[in-house]
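Subject: Structure handover

Dear colleague,

The structure we spoke about is attached below. My notes on it follow.

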Amino acid sequence: MLATVLGALNQGFLKTLQLFGVTLLGAIPLGLIISFGSMTRFRPLRWLTRTVVWIVRGTPLMLQLIIIYYVPGQIMDSSPWPMGENGRFLASAIAFIFNYACYFSEIFRGGIEGVPRGQREAGQVLGMTRSQIFFRVELMQMVKRIMPPISNEIITLVKDTSLARIIAYEELIKAGYDFLKGSHGYSGLLWPLFFTGVYYLLFSGLLTILFNRTERRLDYFKV
Amino acid sequence: MAILEVQELSKRFGDVEVLRKINCSLEAGEALSIIGSSGSGKTTLLRCLNFLETPDAGRVLVRGETVFDAAEPKKPSEAALRRRRLHFGLVFQSFNLFPQYTALENVRLAGLLLAKERPDFREKRKEILTELNERAMFLLTDMGLADRAGHYPHQLSGGQQQRVAIARALALEPDILCFDEPTSALDPELTGEVLRVIRSLAEQRTTMIIVTHEMAFARDVADRAIFMDGGRVVEEGPARELIDHPQEERTRQFLSRYGALS
C-alpha cells in the first residue's frame with residue numbers, strides 16, 4: 001500500500017513541479033513587461049494595464065482557472081483546450097502565469113521605482129545609454145530590493161498550484177485526495193492527503209534555503 | 001573664444017519661471033561660482049547644462065559649437081545627445097555613486113562602456129582595460145583614496161564618497177566640470193576634504209562651475225562669481241570683488257544673511 005500511495009503522490013508532485021516551473025518561467029518575463037506597461041507615460045496603456053492588474057489581483061485565482069478552462073468552450077462551438085490532462089495543464093499554466101505575472105509586476109514596479117532618480121541621472125551625465133543604465137546600474141539594485149517580496153510570492157506559488165485541482169489537474173493534492181474518494185483500489189484513506197503536506201514543506205524549505213543564500217550573496221552592497 | 005556660452009536660457013516648471021534669460025560665459029581654465037538662495041535657479045541651470053532638464057528657450061555653445069538650441073526643431077538622437085553630454089561632467093549634492101560597484105569600478109564604468117563601442121576593442125581589449133584601470137587608480141590616488149579603491153560606497157564616509165564621485169566625473173575628461181552644492185550633504189567636519197580637492201582642481205586650471213553655499217570658498221577658489229535670484233543673474237564679477245563688495249542691494253542682503261559681509 002505504501003509503495004502505491006508514494007508512487008501516486010510522487011506522480012502528483014511531479015505535476016505540481018511542472019506547473020510551478022512553467023509559471024515561474026512565464027510569469028517573470030511577462031511580469032516585467034506588465035510592470036513597464038503600468039509605468040508608461042502613455043496614459044491609455046497605463047490605465048489599461050493597471051485595470052487588468054486590478055482585476056486579476058482582485059479576483060480569486062480559482063475563479064480565473066474555472067473561467068479560462070470552461071468559458072471559451074461556452075462561447076465557441078467546442079473547447080479550444082486539448083482533450084484531457086494536456087488541456088488542463090495548458091489552461092492551468094495560462095491562468096497561473098497571468099495571475100502571477102500581475103503580482104510580480106507590482107513587485108517589479110516597486111523595485112524599479114524604488115531605485116533613486118539620482119542613479120539614472122548619474123548614468124546619464126556619464127554618457128550611458130538607457131539600456132546601459134538599466135542593465136549596468138539599476139537592475140542589480142532592483143534585484144536586491146525585490147528579492148524578499150519575490151521569494152515570498154514564489155513560496156506562495158508552491159502551495160497555490162494546488163488550486164489547479166479545481167479543473168481536475170492531477171497535481172499533488174488531487175493525488176492525495178483521490179485515495180479518500182477511491183483510486184488505485186483504495187478508498188477512505190485519509191493519511192495520503194495529510195502526507196502531501198510533507199512534500200510542500202520539504203520543497204518550500206529547500207526554496208527558503210536557496211533564497212536566503214541568494215540574499216546573502218547580494219549582501220556585499222547596500223541600497 | 002569662450003569655452004562655454006549660455007545665451008538667453010529660460011526654463012519654467014508649470015507657472016514658475018525658474019530661469020529667465022540667463023546669459024553667461026566661461027573661459028577655459030576658469031572657475032566660476034554661482035551663489036544664491038535656494039530656489040534661485042542655480043541648480044536648474046547646472047541641470048540644463050548637463051541635459052537633465054530641457055530648457056524652454058535659449059542656446060548653449062561649447063567652443064563655439066551649438067550643443068543645445070531650444071529652437072532646434074527636432075530632438076537630437078540619443079547618440080548625438082550622449083556626445084554633447086560628454087562636454088560636461090556633474091558632481092551631485094548626494095554623490096549618486098553606484099552602490100553595487102567598488103570605488104574603482106565606479107570611476108571606470110562609463111569609460112569602459114564607451115571603450116566597448118570602439119571598433120578595435122576586441123583586439124586591444126587587454127591594453128584598453130589596463131589603461132582604464134590605471135587611469136581610474138591615478139584619479140583615486142589624486143583624491144587621496146588609493147587605499148579605498150576596492151571599497152564599496154557604503155563602506156566609505158560621505159567625504160570619501162564625494163571624492164570618488166569627483167574622480168568618476170573627471171574620468172571622462174569633460175571640458176567643463178560642474179559641482180552642484182558638493183558639500184551640502186556632508187557633515188561639517190567632512191566638507192574640508194572635499195573643498196580641498198576642488199581647490200586643487202582649480203589650481204590645476206580645471207574649467208569648473210561650482211554651485212555652493214560656502215561663501216568663503218566661492219570667493220577664494222573661483223575666478224568669477226555669479227549671484228542669482230528669482231531665476232535671473234543679478235550680479236556678475238570677479239569672485240572676490242562680488243562677494244566682498246557687492247554692487248546690487250539684493251546681493252548685499254543675501255551675503256549679509258550668510259555673514260559673509262563684514
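**Salt bridges**

Arg109(A) is buried, at a relative accessible area of 17%; here buried means under 20% relative accessible area, exposed over 50%, and partly exposed in between (1.4 Å probe, protein chains only). This is a predicted model, in which local features need pLDDT of at least 70, side-chain atom pairs count only at pLDDT 80 or more, and totals for chains, interfaces and linings use all residues. Residues are numbered from 1 along each chain as its sequence is written, chains are lettered from A and ligands numbered from 1 in the order in which they are written, and side-chain values use heavy atoms, with hydrogens and water left out.

Arg109(A) forms a salt bridge with Glu106(A) (3.1 Å, N to O), a salt bridge being a side-chain nitrogen of Lys or Arg within 4 Å of a carboxyl oxygen of Asp or Glu. Both residues sit in helix H4 (residues 84-114) of chain A, 3 residues apart, about one turn of the helix. Helices (H or I, at least four residues) and strands (E, at least two) are DSSP runs, numbered from the N terminus.

In chain B, Arg224(B) pairs with Glu30(B) in a salt bridge, with the closest N and O atoms 2.8 Å apart. Arg224(B) is in strand S9 (residues 224-229) and Glu30(B) in the loop between strand S2 (16-26) and strand S3 (31-35) of chain B, so this pair ties together parts that are 194 residues apart in sequence. Both Arg224(B) and Glu30(B) are buried.

Another salt bridge joins Arg219(B) and Asp244(B) (3.0 Å, N to O). Arg219(B) belongs to helix H7 (residues 215-221) and Asp244(B) to helix H8 (residues 239-244) of chain B, so the pair ties together parts that are 25 residues apart in sequence. Arg219(B) is partly exposed at 22% relative accessible area, and Asp244(B) is partly exposed at 28%.

Back in chain A, salt bridges with shared partners link Arg57(A), Glu106(A), Arg109(A) and Glu113(A) into one network. Over all chains, the structure holds 26 salt bridges.

Chain A has 8 helices and 0 strands. Its C-alpha trace spans about 70 × 45 × 25 Å along the principal axes. Of its 223 residues, 45% are buried.

Ile146(A) is in helix H6 (residues 130-160) of chain A and is buried, at 8% relative accessible area. Neighbours within four places in sequence aside, Ile146(A) is in contact (heavy atoms within 4.5 Å) with Ile107(A), Phe108(A) and Gly111(A).

Leu145(B) lies in the loop between helix H4 (121-142) and helix H5 (158-171) of chain B. Leu145(B) is buried as well, with a relative accessible area of 1%.

**Surface**

Phe42(A), Leu45(A), Leu48(A), Val52(A) and Phe98(A) make a nonpolar surface patch of about 460 Å². Patches consist of residues with over 30% relative accessible area and no salt bridge, with like charges joined within 9 Å and nonpolar side chains (Val, Leu, Ile, Met, Phe, Trp, Tyr) within 5 Å. Areas are from the Shrake-Rupley method with a 1.4 Å probe; for residues, only the protein chains shown count as cover. Helix H2 (residues 43-58) of chain A gives the most to this patch, with 3 residues. Val52(A) is in helix H2 and counts as partly exposed, at 31% relative accessibility.

Regards
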